[in-house]
Amino acid sequence: MKNAIRIAPSVLSADLARLAEQVQAVEEAGADWIHVDVMDGHFVPNLTFGAGLIAALRRITELPLDVHLMVEHPEAYIDAFADAGASVFTLHPEATVHVQRHLAQVRARGMLAGLALNPATPLSFAAEVIEDVDLLLLMTVNPGFPAQQYIAAATEKITRARRLLAESESRAYLEVDGGISRDTIGQAHGAGADTFVAGSAIFGADDPGAALKELRKRCMAVA
Ligand code: DX5
Ligand code: ZN
């Protein structure tokens, strides 16, 4: 049976010199997915990882790899990331044109198709393609960097997104990303999110495993 909620630590905030050890620690603490933030220095003002890191993670964990592409023309990486072992491939509609086609291409390569919306992007972008979406990711910060503050107005958008999924009879995951901490995870869950990315709240802690368990506890405390 699926966990009621999923927690996806973002390796963006991990100590990359000790990546295997840190991934193992969160896996032992019950991490559900591993979140990988891919940035190109154009769509967002930061540069991070490519297929090489995904392949490396695939060798050190069996957890699903939840790959979030903050790059222009993410479709250029569908094949490479599928080959590298990505499980979820999430693209931004602000970063490309033929979104429906690319979501279908992601599924055709055996990955879950994710659609991520920046804080200023209306939910209607997701509504138009909801049948092609396995995961709807709402950004709760403007993407690019870890350890930013959760945008409070996002909570109401989560509520509307949950309603959209229900009305569309969609079984897509509803994921939130950015500023998720012990103080904000409860409100995001209360509004309807079921999957939680956390970077600094987990890997910025002295004990990442304990921090993850505390997040889950705080989350589950909100019905
Ligand atoms: C934001 C990234 C996030 C980031 C979250 O640009 O998409 O996944 O790693 O980091 P925290 O949890 O520290 O806000
Ligand atoms: Zn992310």
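**Surroundings of ligand 1 in the predicted model**

In the predicted model, the side chain of S10 places an N or O atom 3.1 Å from an oxygen atom of ligand 1, a polar contact being a pair of N or O atoms within 3.5 Å. Oxygen atoms of ligand 1 also lie 2.6 Å from a backbone N or O atom of G144 and 3.5 Å from a polar backbone atom of F145. On its own, ligand 1 has 380 Å² of accessible area, of which the protein covers 100% (Shrake-Rupley method, 1.4 Å probe).

The shell around ligand 1 holds 20 residues, and D37, G144, D177, G199 and S200 come nearest; a residue is near if one of its heavy atoms lies within 4 Å. β2 (34–39), β3 (65–70) and β8 (195–198) each give two or more residues to this shell, and β2 provides the largest share, 3 residues (strands are DSSP runs of E with at least two residues, helices runs of H or I with at least four). By type, the shell comprises 10 nonpolar, 8 polar and 2 charged residues.

The space taken by ligand 1 is the largest pocket. A pocket is an open set of points on a 1 Å grid over the protein atoms alone, where a 1.4 Å probe fits, with protein on both sides within 12 Å along at least five of seven lines; lining residues have an atom within 4 Å of a point. This pocket contains about 250 Å³ of space. It is lined by 25 residues, of which F145, P146, D177, G178 and G179 are the closest to its centre. At least two lining residues come from each of β2, β3, β8 and α8 (200–203).

Residues are numbered from 1 along each chain as its sequence is written. Side-chain values use heavy atoms, without hydrogens and water.

Notes. Chains are lettered from A and ligands numbered from 1 in the order in which they are written. This is a predicted model: local features need pLDDT of at least 70, side-chain atom pairs count only at pLDDT 80 or more; totals for chains, interfaces and linings use all residues. A polar contact is a pair of N or O atoms within 3.5 Å; within protein, one must be able to donate a hydrogen and the other to accept it, and residues adjacent in sequence count only if both atoms are side-chain atoms. A molecule sits in a cavity or pocket if more than half of its atoms lie within 2 Å of its grid points. Ala, Val, Leu, Ile, Met, Phe, Trp, Tyr, Cys and Pro count as nonpolar, Asp, Glu, Lys and Arg as charged, and the others, Gly among them, as polar. Grid points are joined across faces, edges and corners, and a volume is the space filled by probe spheres set on the points.
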